Amino acid sequence: MSPENTVADLAAAAVKQYIKECRRPILPTTDPSGFDLHYSQFCLESLGREEKLMELGSRNFFLCPKKPVKDGCSNSSDGTTSSSSTCSKEAGKASKTVIPWLKFMDFLL
């Protein structure tokens, strides 16, 4: 692929190659717009579909199916990904939720 291609182009090429090779597990959809690229399999933030590959600073990505809309974090109704700051805020809120017995565990340590 050319460095001038976009993230959307790379996702489409990856889905096409995956289908061509009959890889497992079988994809839930063959539509490339149903997938996002991430820097890591643990990263909540997907790459912008219009970003140029040469601007990303990496050559390794994970292709992940888009998650259904939930709390305004994953996708908007028009099929575009919401801002990554929203997802970061949601992840931050989840990590700050403390279960009372975990506080007791800190005391034991």
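A close look at one part

Mentor: Of the 109 residues in the chain, 20% are buried, where buried means under 20% relative accessible area, exposed over 50%, and partly exposed in between (1.4 Å probe, protein chains only). This is a predicted model, in which local features need pLDDT of at least 70 and side-chain atom pairs count only at pLDDT 80 or more, while totals for chains, interfaces and linings use all residues. Residues are numbered from 1 along each chain as its sequence is written, and side-chain values use heavy atoms, with hydrogens and water left out.

The chain has three helices and two strands, with helices (H or I, at least four residues) and strands (E, at least two) taken as DSSP runs numbered from the N terminus. Read from the N terminus, the order of the elements is α-β-β-α-α. The part to examine is helix H1, residues 7-20.

Which residues of H1 are buried? They are Val 7, Ala 8, Ala 11, Val 15 and Tyr 18. Viewed down the axis of H1, these buried residues fall within an arc of 100 degrees, so they line one face of the helix; the arc is taken over the directions from the helix axis to the C-beta atoms. In general, an α-helix has 3.6 residues a turn, so residues three or four places apart point the same way. Lys 16 and Lys 20, on the other side of H1, are exposed.

What does the buried face meet? The buried residues of H1 pack against strand S1 (35-38) and strand S2 (62-65); contact here means heavy atoms within 4.5 Å. Ala 8, which lies in H1, is buried at a relative accessible area of 18%. Its C-alpha atom is separated by 8.2 Å from that of Glu 51, 43 residues apart along the chain. Val 7 and Ala 11 belong to the largest nonpolar core, whose six residues also include Leu 37, Leu 47, Leu 53 and Leu 56. Such a core is a set of buried Ala, Val, Leu, Ile, Met, Phe, Trp, Tyr and Cys residues joined through side-chain atoms within 4.5 Å. Leu 56 is in contact with Val 7, Tyr 39, Leu 47, Glu 51 and Phe 61, leaving aside neighbours within four places in sequence.

The ring centres of Tyr 39 and Phe 61 are 5.9 Å apart and the planes stand at 40 degrees, so the pair is tilted; rings of Phe, Tyr and Trp (its six-membered ring) pair if their centres lie within 6.5 Å, with planes under 30 degrees apart counted as stacked, over 60 as edge-to-face and the rest as tilted. Both residues lie in the loop between S1 and S2, 22 residues apart. Tyr 39 is partly exposed, at a relative accessible area of 38%.

Strand S1, against which H1 packs, contains His 38. His 38 is buried at 9% relative accessibility. Among its contacts, not counting residues up to four places away in sequence, are Phe 61, Cys 43 and Cys 64. The sulfur of Cys 64 has that of Cys 43 as its closest cysteine sulfur, at 8.9 Å, too far for a bond. Taking a disulfide as a pair of cysteine sulfur atoms within 2.5 Å, the count comes to zero.

The segment after H1 deserves a final look. H1 is followed by Cys 22, whose phi is positive, near 55 degrees, in a residue other than glycine. Cys 22 sits in the loop between H1 and S1 and is exposed, at 64% relative accessibility. That loop also holds Pro 25, which a cis peptide bond joins to Arg 24, with omega about 0 degrees.

Terms used
Expected span 1.5 Å × (residues − 1).
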